[in-house]
Amino acid sequence: MIYAILAVIIGLVILVWSADRFIDGAVATAKHFGMSPLLIGMVIVGFGTSAPEMVVSVMSAINGNAGIALGNAYGSNITNIALILGVTALISPIVVQKNIVKVELPVLMGITAFAVFQLWDGKLTLLDGLILLVVLGAYMTWTVVSNMKGADNIVEDIADELDNAQMPLKKGILWLVVGLIALVLSSRLLVWGAVTIAQTLGVSDLIIGLTVVAVGTSLPELASSIAAARKGEHDIAVGNIVGSNLFNTLAVVGLAASIQPMDISPIVLSRDVLIMAVLTVLLFVFCLGKGGTGKIGRVKGGALLAAYIAYTAYLIGTAF
């Protein structure tokens, strides 16, 4: 048990560190080969921030631990909205621009509804996984094309940061390779520790995936959202969460199902996916405001955080 706990802690620390190194290396390498800041921001940074969830869920699927794969994806979505945005809003109220309310959040709600539809028959097949990946490709294509016509604030902020980030090509490739290897190894360590803890405590690996693993793999989003809120970059704080949830629902679940089709426990749909859907709609309502510009103040942030605490307490209570 002690070794398993250490494996989870060490695995999470290395996972977060390696995700940052992987993104830095990938961005530097892409810049040297002439990739535009827009594509780097949308594709590499987008995938990179969800790399911990993707690698952990893929490894879980390969090992036959469907509970961790799904719990990690949907649990991260719940954590992103309720915990991360809740804490961020308590630190600094978040102003939400109208393009996020009119475009990104409705897309997220639509994709969440589609996820519910796919899970309705109690299983995720290879076809379901491939459809999710195709939808992801279509969304990425549409996003890149629409932003080429007029980049929004998020893309401009990313472009400014990329212009200020300089790294030699050899160092970029080194960090890219080291980050990827560390991602894989740390995720294997994390999954082993999580499964061992679940077996020792007699709880399902789904519960471990929804709590410990989900929070751990969401640490990059927590750090970047708090940093963005402190700097007053509210678009990045909210856009980061919306983008991460889109990637989790489409890429993380899609990859896991493509590798290992899985049966879905009824509790996943009636409890966890339901909570995820309700929080997604609640986020949209919280972001509505006059003139299309909304605000998530400290009261709303406190409500989101309270919802996360209640959900986690319920999970722990029912687990034992």
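Is Asp20 buried, exposed or partly exposed? I'll start there, and then walk through the rest of the model. Asp20 is partly exposed, at a relative accessible area of 34%. On the cut-offs, buried is under 20% relative accessible area, exposed is over 50%, and partly exposed is in between, with a 1.4 Å probe and protein chains only.

Quick housekeeping. This is a predicted model, so local features need pLDDT of at least 70 and side-chain atom pairs count only at pLDDT 80 or more, while totals for chains, interfaces and linings use all residues. Residues are numbered from 1 along each chain as its sequence is written, and side-chain values use heavy atoms, with hydrogens and water left out.

Okay, the overall picture. The protein has 13 helices and four strands. Those are DSSP runs numbered from the N terminus, H or I of at least four residues for helices and E of at least two for strands. Of the 320 residues in the protein, 53% are buried. The accessible surface comes to about 13,600 Å², and carbon and sulfur atoms own 71% of that. Those areas come from Shrake-Rupley with a 1.4 Å probe, and for residues only the protein chains shown count as cover. Now contacts, meaning heavy atoms within 4.5 Å. Take the contacts between residues at least 6 apart in sequence: 86% of them join residues at least 24 apart.

Back to Asp20, then. Asp20 sits in helix H1. Asp20 and Gly179 are 159 residues apart in sequence, but their C-alphas are 7.7 Å apart in space.

That brings me to the aromatics. The structure holds three aromatic pairs. The rings of Trp17 and Trp175 form an edge-to-face pair, because their centres are 5.8 Å apart and their planes are at 80 degrees. Trp17 is in helix H1, residues 2-32, and Trp175 is in helix H8, residues 169-201, so the pair ties together parts that are 158 residues apart in sequence. For the rules: rings of Phe, Tyr and Trp (its six-membered ring) pair if their centres lie within 6.5 Å, and planes under 30 degrees apart are stacked, over 60 edge-to-face, and the rest tilted. Both tryptophans count as partly exposed, Trp17 at a relative accessible area of 39% and Trp175 at 23%.

The charged end of Arg21 sits over the ring of Trp175, 5.7 Å from the ring centre. That call needs NZ of Lys or CZ of Arg within 6 Å of the ring centre and within 35 degrees of the ring normal.

Next, charges elsewhere. How many salt bridges does the structure hold? One. The partners are Arg271 and Asp272, whose side chains meet at 2.7 Å, N to O. Arg271 is buried, and so is Asp272. The criterion is a side-chain nitrogen of Lys or Arg within 4 Å of a carboxyl oxygen of Asp or Glu. Asp272 also turns up in contact with Ile267. Ile267 lies in helix H12, residues 266-287, and is partly exposed at 34% relative accessibility.

Glu53 is in helix H3, residues 51-62. Glu53 is buried yet has no salt bridge, and the nearest side chain of opposite charge, Arg21, is 16 Å away. For that search, Lys and Arg are positive and Asp and Glu negative, with His and the chain ends not counted. What does Glu53 touch, not counting residues up to four places away in sequence? Asn72, Ser76, Thr217, Ser218, Glu221, Asn248 and Val252.

Beyond four places in sequence, Ser57 touches Ala69, Asn72, Ala73, Val252 and Ala256. Then Val58, again in helix H3, counts as buried at 17%. Val58 and Ala256 are 198 residues apart in sequence and 5.1 Å apart C-alpha to C-alpha.

Last stop, Ile241, in helix H11, residues 234-259. Ile241 is buried, with a relative accessible area of 0%. With residues up to four places away set aside, the contacts of Ile241 include Asn80, Ile81 and Glu221. Ile84 is another contact of Ile241, 157 residues away in sequence and 8.3 Å away C-alpha to C-alpha.
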